[in-house]
Amino acid sequence: MAVLKLVSGGSVGQVLPLAGERVLLGRHPTCQIVLDNAAISRHHAQILESHGEYFLEDLRSRNGTQLNTQPVRGRIPLQDGDEVKLCDFVFQFMLDNSSSLSSGSIPKLTAVRPTQAAREKETLTREDGRPLLNPDLVPEVEEDEGSSILSRVPTDHVQTVRLNVRPEAKLRAIIELTKSLGRVLKIDDVLPSILTALFSIFPQADHGFVLMKNPSTERLIVRASKSRRADDDEVVPLSMTIVHQALESGQAMLSADATRDRRFSSSESLSDLQIRSVMCAPMLDPKGVGLGVVQVSSRDLGQPFNHEDLELLASVTSQCALAVQNANMHETLLAQHDMERELEFATQVQLGFLPHEPPQVAGYEFADYYEPAHRVGGDYFDYIRLPNGNLAITVGDVAGKGVPAALLMARLHASARYHLLSAATAADALTSLNQEIATSGLGFRFITLAIAILNPQKNELDLANAGHLPPLIRNKFGHVIAVGQEESGMPLGVSPTQAFRQLLVPLEPDDTVLMFTDGVTEAMNPALEIYGRPRLMTTMSAGPVDVGKLIPAIVDDVEKFYGSVTQRDDLCIVAFRRLPEAAAVPA
């Protein structure tokens, strides 16, 4: 595994392992390596691994990434000993880390991302949906006089095994549970292991089961059952009255002779099964909320369960509850890990749709910036070279956030290219693209999109707008105006019959065009004020002439405006400038 060794900018000598196929470096907490510096972009750069080879890629950061003092453009392979610089942080890339990492530790540069039962009178079911074969054991009477509940033990405070009651049995219980539960992590393996251990602890037990709450319905489901004899596996005697009492009170229950309990007198099958003694203990989470119950029963009247057995079961069940919580957390972490892998792949796919570097056009300079609010976003931009030598610049915003918006953005990327390559003007391309989107069955998913086709021979822009923010143009004197607002139509997908209007804009030397999404103008500060177009126009007017410096100045001003407030919208900016005649060079 390769590593990055910090040469300067922090704790010099710190070593960061490059684990996984993608390691993200940036200021955002979701990055694998978080660099706490205001000059670092939220998602600044990434290192990719493929078949043992590593590649460095800048993610359109405003201050750039350098490899061996050279700016990173596109995806560049890394060699052992290469120097990687992100603002004030300088790293050395090393393929052999055997002498750099100490065993048992994962080094970090800075903050590294690490994540009342209802009383239902119904037929209980197993987890696979099969019903229990004696549902008539669910009682329908209250449990006052005539109850044979002999003992109760609180379980919410039984966190450790108490040694004053049958210490040899408790020791055996600890050994059995440690051996059984220490080898399993899945909940479906934990529960049968619990019953197996209990049958070893209580030789008189004939039946046992574990009832767990369904998280979505709150219904109790038999998740595991066990019988001493194999032919009794389908017949699980249980007392729902004791189950509900144990869950509601948080106490373990003991009934010494269930056949004489008045609450079960109407149950003939109970007498047929000759249930003599029942213990039931709830499994509680740290907040005292019931997760389920463990119940064991015996037919042997000569060896009924006693108070010591109940205390033992209560102690064991508290350990079982911990094992169940650990298993649940393990399954949750596995699900989150799968989701993280899917999001990582989605991020890589979306980045693949975006241009890797600005285009080269004689007499013009280009720059861009893109940063999603989440792992993936709905903002979109593209450069499309047309057969006649013109260049189409597109900037769009898909309604919504996250994966759904990213999927629609991928659709927009392909469709926009097709219509631009087959249409004569930007307005014609928008009109045909709108017909496709409006009739594609995407539902109420609207898209704003601005298209600017640059004719570098005539120094002219062909503009068309589908409900997007109008582009801004700054002349050589610093005066900024918005263009095409009156000619703008409705967003794509609203009306399939909409026809869009064309606007031709001549470009003079030193004219700068800025196209952006509402993540810029709608950025919000702690006082709930938005950044707004007037402030953007002021920043653009006073900003650097070079568009490669203008965009970072705008991003810095936006971030200074919203401060520590988490932004919920993606950020996308594209800028290009017609160079003065003396500075223009062939592409």
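Helix 10 covers residues 547-562 of this predicted model, where helices (H or I, at least four residues) and strands (E, at least two) are DSSP runs numbered from the N terminus. Its 16 residues stretch 23 Å from the first C-alpha to the last, close to the 22 Å expected at 1.5 Å a residue; the expected span is 1.5 Å times one less than the number of residues.

Local features need pLDDT of at least 70 and side-chain atom pairs pLDDT 80 or more, while totals for chains, interfaces and linings use all residues. Residues are numbered from 1 along each chain as its sequence is written, and side-chain values use heavy atoms, leaving out hydrogens and water.

Helix 10 turns up again at the second largest pocket, where helix 10 and strand 19 each supply at least two lining residues. Strand 19 gives the most, with 6 residues. On a 1 Å grid over the protein atoms alone, a pocket is an open set of points with protein on both sides within 12 Å along at least five of seven lines, a cavity is a set where a 1.4 Å probe fits but cannot get out, and lining residues have an atom within 4 Å of a point. The pocket holds about 780 Å³ of space, a volume being the space filled by probe spheres set on grid points joined across faces, edges and corners. Its lining has 31 residues, with Asp 58, Ser 61, Gly 64, Arg 73 and Pro 358 nearest the centre.

As for the second largest cavity, about 80 Å³ of space lies inside. Of its 14 lining residues, Leu 463, Ala 464, Asn 465, Val 483 and Gly 484 sit nearest the centre.

Elsewhere, 5 strands make an open sheet in the order 4-3-5-6-9, with mixed pairing. Strand 4 (33-34) and strand 9 (75-77) are the edge strands, each pairing on one side only. Val 23 faces Ile 47 in strand 5.

Methods. Pairing = 2+ DSSP bridges.
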